[in-house]
Structures are given as structure tokens and as C-alpha cells.
Amino acid sequence: MKIRIDAAKQELSVLDGDKVLKRYAVSTARNGLGEKNGSFCTPRGRHIIRAKIGAGQPLGAVFVRRRPTGEVWTPELHAQYPGRDWILTRILWLSGKEPGKNRLGDVDTMRRYIYIHGSHDLAEMGKPGSIGCVRMRSQEIVELYDLVPPYTPVEIV
């Protein structure tokens, strides 16, 4: 099993060999694709899911620094914190596999805290909008989280 994220299509596919098992609309970085630390871009290339975070948390559970805060996203909470980068429900933390491209130094995906994660109801899928991560609808990240084991290969193109 592997994951392929197509930034041009804003689509995440779960594949078993060449067979597509699932497809999801996603939102990658507003700044486009790129690997540099501080670029707020989604990194390209081969990755793995290094860690799965959030098992058992409710839909809309709010995470800060990969820890649940005890909050659950609501439109009212959103209005209270208008500039917050909402990381919700589940986190699949990515690690680059290509030294010099997306691993180590100032291009390290994991040190940049790049995740596939849940998002709130107001976030648009199917168009770039994140600050580097790959956003998904909360119910869909739960489905993906339950489907893929740690170390699942992820390719971002």
C-alpha cells in the first residue's frame, strides 16, 4: 500500500500496487511545492508516514505541537482564534526519504513538521490553502488514518 499526493489535482490517492483503493480531495500549500525550511511550501518526492498521532480523539480535536489541547473545533472557537493554523482530528507526520531533497539539512520534511492532517469545515479542499501540510476533511483523515500503517510510503508530486 502507498499514498500518492498530486498537488496539481489537489488529490490524495491510496494505492495497492496500481489499483486505486481510495481518492480524497486535499489542500496543499498556498505557496506551492518546495522543500526549503521556512518556505511554507509542500515538499515533493518520496516520504514515509513516520508517526501516527491522535488515535481515539474526537472529530475536530485540536492539536498544538502534536498534542491534543482538549478543545474541539467549532465555528465559535474559530472566530475566537482567527489566525490559528488548525490541525485537527488526526496527524500523519511525514519524513523525507531523499537526502538533500527532502531529508536532512534545511530541506528536512520531518523537522519542518509537515503532516497530512484533518481540517475544519470552512477549509476549502481541492485548492491550495495550507502553509505546507496536506489538509483533509476530518472524517476522511480518520478513514485514511485507520487504513494505513506507520511507514507507509507517500509520494508527493
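Begin the tour by selecting W93, Y113 and Y115, which ring pairs link into a cluster. The model on display is a predicted one, and the count of aromatic pairs in it comes to two. One of these pairs joins W93 and Y115 in an edge-to-face arrangement, with 6.0 Å from centre to centre and 85 degrees between the planes. Colour the strands next: W93 belongs to strand β7, whereas Y115 belongs to strand β8 (residues 115–119), so that the pair links distant parts of the chain, 22 residues apart. Both W93 and Y115 are buried.

From W93, move to I53, one of the residues that W93 touches. I53 is located in strand β4 (residues 45–53). Is I53 buried or exposed? With a relative accessible area of 17%, I53 is buried. Beyond its neighbours within four places in sequence, I53 contacts F63, R66, R90, I91, W93 and Y145. For a view along the chain, select S39 as well: S39 and I53 are separated by 14 residues in sequence and by 24 Å in space, C-alpha to C-alpha.

Now display the largest nonpolar core, which has 19 residues. Which of its residues touch the most other members? They are I3, I5, L12, L92, I116, M136 and L144. Two or more residues of this core come from each of β1 (2–6), β2 (11–16), β7 (87–96), β9 (134–137), α2 (138–147) and β10 (153–156). The largest share, three residues, is supplied by α2. Centre the view on I5 to see its surroundings: apart from residues up to four places away in sequence, I5 touches E11, L12, T28, I116, V134, V154, E155, I156 and V157. Another core, of eight residues, lies apart from the largest one and includes I53, I91, Y115 and C133.

Select the cysteines next. How many disulfides does a search of the whole structure find? The search finds zero. The cysteine sulfur closest to that of C41 is in C133, and because 12 Å separates them, they are too far apart for a bond. A disulfide would require the two sulfur atoms to be within 2.5 Å. C41 counts as buried at 10% relative accessibility, and C133 counts as buried at 7%.

Finish at strands β2 and β3 (residues 19–25), which pair in the antiparallel sense over six bridges. These strands form a hairpin with two residues between them, and G17 in the turn has a positive phi of about 65 degrees. Select L15 to locate one of the bridges: its partner in β3 is V20. S13 is also in strand β2 and is buried, with a relative accessible area of 9%. Setting aside neighbours within four places in sequence, S13 is in contact with K2, I3, R4, V20, K22 and R23. Of these contacts, V20 is the bridge partner of L15, and I3 is among the residues that touch the most other members of the largest nonpolar core.

Key
Residues are numbered from 1 along each chain as its sequence is written. This is a predicted model: local features need pLDDT of at least 70, side-chain atom pairs count only at pLDDT 80 or more; totals for chains, interfaces and linings use all residues. Side-chain values use heavy atoms; hydrogens and water are left out. Buried means under 20% relative accessible area, exposed over 50%, partly exposed in between (1.4 Å probe, protein chains only). A nonpolar core is a set of buried Ala, Val, Leu, Ile, Met, Phe, Trp, Tyr and Cys residues joined through side-chain atoms within 4.5 Å. Helices (H or I, at least four residues) and strands (E, at least two) are DSSP runs, numbered from the N terminus. Contact means heavy atoms within 4.5 Å. Rings of Phe, Tyr and Trp (its six-membered ring) pair if their centres lie within 6.5 Å; planes under 30 degrees apart count as stacked, over 60 as edge-to-face and the rest as tilted. Two strands pair if DSSP finds at least two bridges between them.
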